[in-house]
Amino acid sequence: MQGTIDGFSYGLVTPVVAFLMACLGGALGLRCTTRSMLVTRSWRAGWLALGSAAIGSGIWTMHFIAMMGFSVEETPIHYDRPTTFASLGVAIVMVGVGIFIVGYRGATGTALFTGGTITGLGVASMHYLGMAGMRLNGKLEYNTLTVSASVVIAVVAAITALWAAGQVRGFLWSVGASLVMGLAVSGMHYTGMAALSVHLHHTSSTPAGDSATSLLAPMMIGPLVFLCLAGVVVMFDPLMVLGKPDRTPVERRPGIPAHSVGLRPGRRPRRHPGRDRAHGRVRTPQSR
């Protein structure tokens, strides 16, 4: 017997809030990735770690906010606590691997493709591991083609978002990248949910695990607080908004050395006879 699935039990509330959380996590994480490209290598790892945690927390929170609106009419839904925690860890670690590759190798070529692919696979892994933590009186079954489409959506959108973040062209580029990331995570989630069907068991026992309200609501407090704190760090760092490097590049003009030092008033430049002869210049009494 097939279960009756409803992914929008609360109407548009859960999809809209979930999308906004995905955008928030993406915006913070991608700005931290951009920021890491503007600092010395000693600070880069810290910004990349913060960005990984922000994106991982954002997509995890998005997933389970959306799952608050998911129901199967014929059976209650509970969640396994260790598996649910593990999905958050997988999201942060896999997204972190992809972001560190782009942060240290640059958002171009092989590094961008590899990092974006790992990031997208991290999003997909978090989703399906979180779904594996569901406990109900039935068996979850997936359509292979639709699942493959959801993974492709996640990978392509992650590559696009990391490319936009790597352009280092100011705040608007990161806003656009975060919207792409939010659409990617939401699109991947609901595409994956469209691949789901529930084959019910012939029992009416209460499934193991914790209910959504008793487990998910308290668990989401931590990631939400972290995202707020990360947002404060981003807002109070001027380089995050301006998108300018720590060091102003030296202006280069034709015929002027890049690192020329200004002369003190009243002092003549020192001449080197060896260099003058090497360049074919002859010193005259007037030139002395």
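I take helices (H or I, at least four residues) and strands (E, at least two) as DSSP runs, numbered from the N terminus. The model is predicted, so I kept local features only at pLDDT of at least 70 and side-chain atom pairs only at pLDDT 80 or more, while totals for chains, interfaces and linings use all residues. Residues are numbered from 1 along each chain as its sequence is written, and side-chain values use heavy atoms, with hydrogens and water left out.

Entry on helix 1. I looked up valine 17, which lies in helix 1 (residues 13-36), and found it partly exposed at a relative accessible area of 35%, where buried means under 20%, exposed over 50% and partly exposed in between (1.4 Å probe, protein chains only).

Entry on histidine 63. This residue lies in helix 2 and is buried, with a relative accessible area of 1%. Leaving out residues up to four places away in sequence, histidine 63 touches Met126, His127, Gly130, Met131 and His189. I also noted a polar contact of 3.2 Å between the side chains of histidine 63 and histidine 127, the term meaning a pair of N or O atoms within 3.5 Å, where within protein one must be able to donate a hydrogen and the other to accept it, and residues adjacent in sequence count only if both atoms are side-chain atoms.

Definitions and conventions. Contact = heavy atoms within 4.5 Å.
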